[in-house]
Amino acid sequence: MNRLADTDMLASQSFLDQIADYQQQFRDYFFTFYFFDKPFTLDDFADIPQFDYQPISQNNTFKTLMNLMLIGLFFIGLTTLQTRRNRG
């Protein structure tokens, strides 16, 4: 369920990696302004890198749903078997 909600450890690590990449882009962008006294203009302000989170592709959604369904069917089968044993 966490994988479907994009809140599992893979999504968390992906988010942290994207943040690290963004921070590097941000540092690289401002490097020339800080260390080479390049004037900061209005055009430069518009070119500041923006962070845009890209979620992990959901190509495993079908597989995850199938696994969930199989587990559910397994427990339904166990419950049915136990009920039959208790009756007879």
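Start by selecting Phe 62, Met 66, Met 69, Leu 70, Leu 73 and Ile 76: together they make a nonpolar surface patch of about 630 Å². A patch here takes residues with over 30% relative accessible area and no salt bridge, joining nonpolar side chains (Val, Leu, Ile, Met, Phe, Trp, Tyr) within 5 Å and like charges within 9 Å. Areas are Shrake-Rupley values with a 1.4 Å probe, and for residues only the protein chains shown count as cover. A salt bridge means a side-chain nitrogen of Lys or Arg within 4 Å of a carboxyl oxygen of Asp or Glu.

Before you click on, note that this is a predicted model, where local features need pLDDT of at least 70, side-chain atom pairs count only at pLDDT 80 or more, and totals for chains, interfaces and linings use all residues. Numbering runs from 1 along each chain as its sequence is written, and side-chain values use heavy atoms, with hydrogens and water left out.

Helices are DSSP runs of H or I with at least four residues, strands are E runs of at least two, and numbering goes from the N terminus.

Next, pick Asp 44 in helix H3 (residues 42-46). It's buried but has no salt bridge, and the nearest side chain of opposite charge, Lys 38, sits 4.4 Å away. Buried is under 20% relative accessible area, exposed is over 50%, and partly exposed is in between (1.4 Å probe, protein chains only). For charges, Lys and Arg are positive, Asp and Glu negative, while His and the chain ends aren't counted. Show the neighbours too: beyond four places in sequence, Asp 44 is in contact (heavy atoms within 4.5 Å) with Tyr 29, Phe 33, Lys 38 and Pro 39.

Now hop to Asp 37, in the loop between H2 and H3. At 68% relative accessibility, this one counts as exposed. Check its backbone: phi is positive, about 50°, though Asp 37 isn't a glycine. Most residues other than glycine have a negative phi.

Then go to helix H2 (residues 9-35) and select Gln 18. Gln 18 counts as buried because its relative accessibility is 17%. Leaving out residues up to four places away, Gln 18 touches Phe 51, Asp 52, Tyr 53 and Gln 54.

Last stop: Ser 14, also in helix H2 and buried, at 16% relative accessible area. Outside four places in sequence, Ser 14 contacts Gln 54 and Ile 56. Draw a C-alpha to C-alpha distance to Pro 55: 7.8 Å in space, for residues 41 apart in sequence.
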